[in-house]
Amino acid sequence: MSAPIRVATRPIPGQKPGTSGLRAKTRVFMQPHYLENFVEAVWAGLGGIAGKTLVLGGDGRYFNDRAAQVIMRMAAASGASRVIVGQNGLLSTPAASHLIRTRGADGGVILSASHNPGGKDGDLGVKVNISNGGPAPEAVTARIHAATQALEQYLIVESQDLDLARPGRQRLAETVIEVVDPVADYADLMERLFDFSAMRALIADGFSLRFDAMHAVTGPYAIEILERRLGAEPGSVINAVPLSDFGGGHPDPNPIWAKALHDAVFAPQAPDLAAASDGDGDRNMILGRGIYVSPSDSLAVLAAHAHLAPGYAGGLAGVARSMPTSTAVDRVAAARGLPCYATPTGWKYFGNLLDAGRVTLCGEESFGTGSDHVPEKDGLWAVLMWLNILAATGKSVAAILHDHWAEFGRTYYSRHDYEALDADVAQALIEDLRSSLPGLAGDDAGPLRVSRAEDFAYTDPVDGSSSTGQGIEITFEGGARAVLRLSGTGTEGATLRLYLERYSPDDPSLDPQAALTPVITAVEALTGLTCRTGRTAADVIT
Ligand code: VG1
Ligand code: CO
């Protein structure tokens, strides 16, 4: 067996993990040493890999297979005792998280740039998880970044490619490589959380379902769970085969990138429930016949109904949302007497709250919802939770949502993304707004008046760690709110995200964009966004 080879290298600038792992153009990852450097730094960030067990998988995008071979050779060279890898190098993010926990692994690496497009000219990413199964928290990503800046060498063994098509054990140097079915354990977990017999009965009764896997990783999971175990018609799962370029699409489950699915629910013969997931299977979009469910509303609805699913029959310990996510869930929490937390953007901030048993459900406005079943957001889980609620109540998606608004009022919400901006322009806009914050309260902004303006900072209530500069939050008199922050997942220029919210206790009938016009006007007055960016409209509105 070949001995580890020491390869001399030098630090590569910019290897700083963002909101969810390190992301870069695929071609950048393919440059000599780029992936290897980062992986060696990951070992350092995890406190070494010698004698440890690693879970490894990815969303099937271009270079996933090559990168997996490299990572296994590097894990073997540094003395990992075992690498548990999904068959063909595939694992959805929630399935990887579950596997880390059930197998008592010390960490995981997921090859995915999530919702970013794939292919040779697309993006690749490396997500790093820790032994609790969740994304590496800031302290670990900071250690990884520091290690990338001081790297002089990495270790790798030479070997033939391992055969990842065949489940079972192989050896690489002293390391056991265990290839596992990526779907089975995850599907079993879902069966334990939800009432499969009620959902099966609903479907047998003619309830129709369409799930768009967007040619990303959830295809095999959705076929197994929705078609095989729940009896949905064959063909209910569309775009089910993972492709290395996602069929040329953006595997981003929203009305823009999953337009055909979105349009289908407003057409004749619409399915009763339609849903989509992203590249690595941790996001979800929920649609019903004739209706789109905004992710923030989805979180609120799930919080109000979760007790109907067997896994949550005991009720919720509490709920959490990312700060830019709408306050719809806060109203449910207040009505039910549940603790409610607002965290910075990114699932890593929910980890401690989940581990400490302070919250059961979490969600983000970016089509992410999850629970304490794994410390990751989970696309298919959200679909099953909705299906379980529909089966338990006998209501349609539209009825659930309208009843929710009647009970709690409607929190109109939208996110406007300005993509590929000049990074300096975007940064300057945020910095100028940030420096104006101290005097802003009481000022008029277009048709609204500012009541509070702050640069969001978060202190984790469990370990006391703090994070600053997590988005600018401006609240207006009457309760409307705008949040501005720069994306931490893009690979080109800067993406400015503008989050808009306005609550109406008694009129749920407005068009969201129309309802939010005063907030948009107020933001324009405060930032001069149109003039500064040269953009008259957002690139993506969700
Ligand atoms: C985006 C979303 C954020 C999400 C993150 C990772 O981050 O806004 O809510 O947690 O993507 O999602 P940003 O920094 O671009 O706004 V995914 O599905 O990677 O794991
Ligand atoms: Co994702």
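The legends below describe close-up views of a predicted model.

**View 1. Ligand 1 within its cavity.**
In this predicted model, ligand 1 sits in the largest cavity. The shell around the ligand holds 21 residues, and among these Thr19, Arg23, Ser114, Lys127 and Thr489 come nearest. By class, the shell residues divide into no nonpolar, 10 polar and 11 charged. Several oxygen atoms of the protein-ligand boundary can be followed one contact at a time, beginning with the backbone of glycine 488, where an N or O atom lies 2.6 Å from an oxygen atom of ligand 1. A polar side-chain atom of arginine 485 is placed 2.7 Å from an oxygen atom of the ligand, while for serine 20 an N or O atom of the side chain is 3.4 Å from an oxygen atom of ligand 1.

Serine 114, one of the residues that come nearest to ligand 1, is found in the loop between strand S5 (107-111) and strand S6 (123-130). Its backbone has a positive phi of about 55 degrees, although the residue is not a glycine. Serine 114 counts as buried because its relative accessible area is 2%, which is under the 20% limit for that class.

**View 2. Threonine 93 in helix H4.**
Threonine 93 has its place in helix H4 (residues 93-102). With a relative accessible area of 0%, this threonine is buried. Setting aside residues up to four places away in sequence, threonine 93 touches Ile110, Lys127, Asp280, Asp282 and Glu376; of these, Lys127 also belongs to the residues that come nearest to ligand 1. Asparagine 129 lies 36 residues from threonine 93 along the chain, and the C-alpha atoms of the two are separated by 9.6 Å.

**View 3. Lysine 377 and its contact with aspartate 282.**
Lysine 377 is found in the loop between S18 and helix H13 (379-393), and at 8% relative accessibility the residue counts as buried. A polar contact of 3.5 Å links the side chain of lysine 377 to the side chain of aspartate 282. When residues up to four places away in sequence are not counted, lysine 377 touches Pro94, Asp282, Arg283, Trp347, Glu364, Gly368, Thr369 and Gly370.

**View 4. Phenylalanine 367 between two strands.**
The loop between strand S17 (361-364) and strand S18 (368-371) contains phenylalanine 367. Although not a glycine, phenylalanine 367 has a positive phi of about 70 degrees. Its relative accessibility is 4%, and phenylalanine 367 therefore counts as buried.

**View 5. Threonine 9 and asparagine 37.**
Threonine 9 lies in the loop between strand S1 (5-8) and strand S2 (22-25), and with 13% relative accessibility this residue counts as buried. The side chains of threonine 9 and asparagine 37 are joined by a polar contact of 2.8 Å. Beyond the residues up to four places away in sequence, threonine 9 touches His33, Asn37, Leu151, Glu152, Gln153 and Tyr154.

**View 6. Helix H10 inside the structure.**
Helix H10 (residues 295-305) is largely enclosed by the rest of the structure, because 11 of its 11 residues are buried. The buried residues of H10 include Ser296, Asp297, Ser298 and His305, as well as Leu299, Val301 and Leu302.

**View 7. Serine 159, a partly exposed loop residue.**
Serine 159 lies in the loop between strand S7 (153-156) and strand S8 (168-172), and at 30% relative accessibility the residue counts as partly exposed. Apart from neighbours within four places in sequence, serine 159 is in contact with Arg73 and Leu172. Isoleucine 238 is 79 residues away from serine 159 in sequence and 38 Å away in space, C-alpha to C-alpha.

**View 8. Histidine 402 in helix H14.**
Helix H14 (residues 397-408) contains histidine 402, which counts as partly exposed at 43% relative accessibility.

Technical notes:
Residues are numbered from 1 along each chain as its sequence is written. Chains are lettered from A and ligands numbered from 1 in the order in which they are written. This is a predicted model: local features need pLDDT of at least 70, side-chain atom pairs count only at pLDDT 80 or more; totals for chains, interfaces and linings use all residues. Side-chain values use heavy atoms; hydrogens and water are left out. Helices (H or I, at least four residues) and strands (E, at least two) are DSSP runs, numbered from the N terminus. Buried means under 20% relative accessible area, exposed over 50%, partly exposed in between (1.4 Å probe, protein chains only). A polar contact is a pair of N or O atoms within 3.5 Å; within protein, one must be able to donate a hydrogen and the other to accept it, and residues adjacent in sequence count only if both atoms are side-chain atoms. Contact means heavy atoms within 4.5 Å. A residue is near a molecule or strand if one of its heavy atoms lies within 4 Å of it. On a 1 Å grid over the protein atoms alone, a cavity is a set of points where a 1.4 Å probe fits but cannot get out, and a pocket is an open set with protein on both sides within 12 Å along at least five of seven lines; lining residues have an atom within 4 Å of a point. A molecule sits in a cavity or pocket if more than half of its atoms lie within 2 Å of its grid points. Ala, Val, Leu, Ile, Met, Phe, Trp, Tyr, Cys and Pro count as nonpolar, Asp, Glu, Lys and Arg as charged, and the others, Gly among them, as polar.
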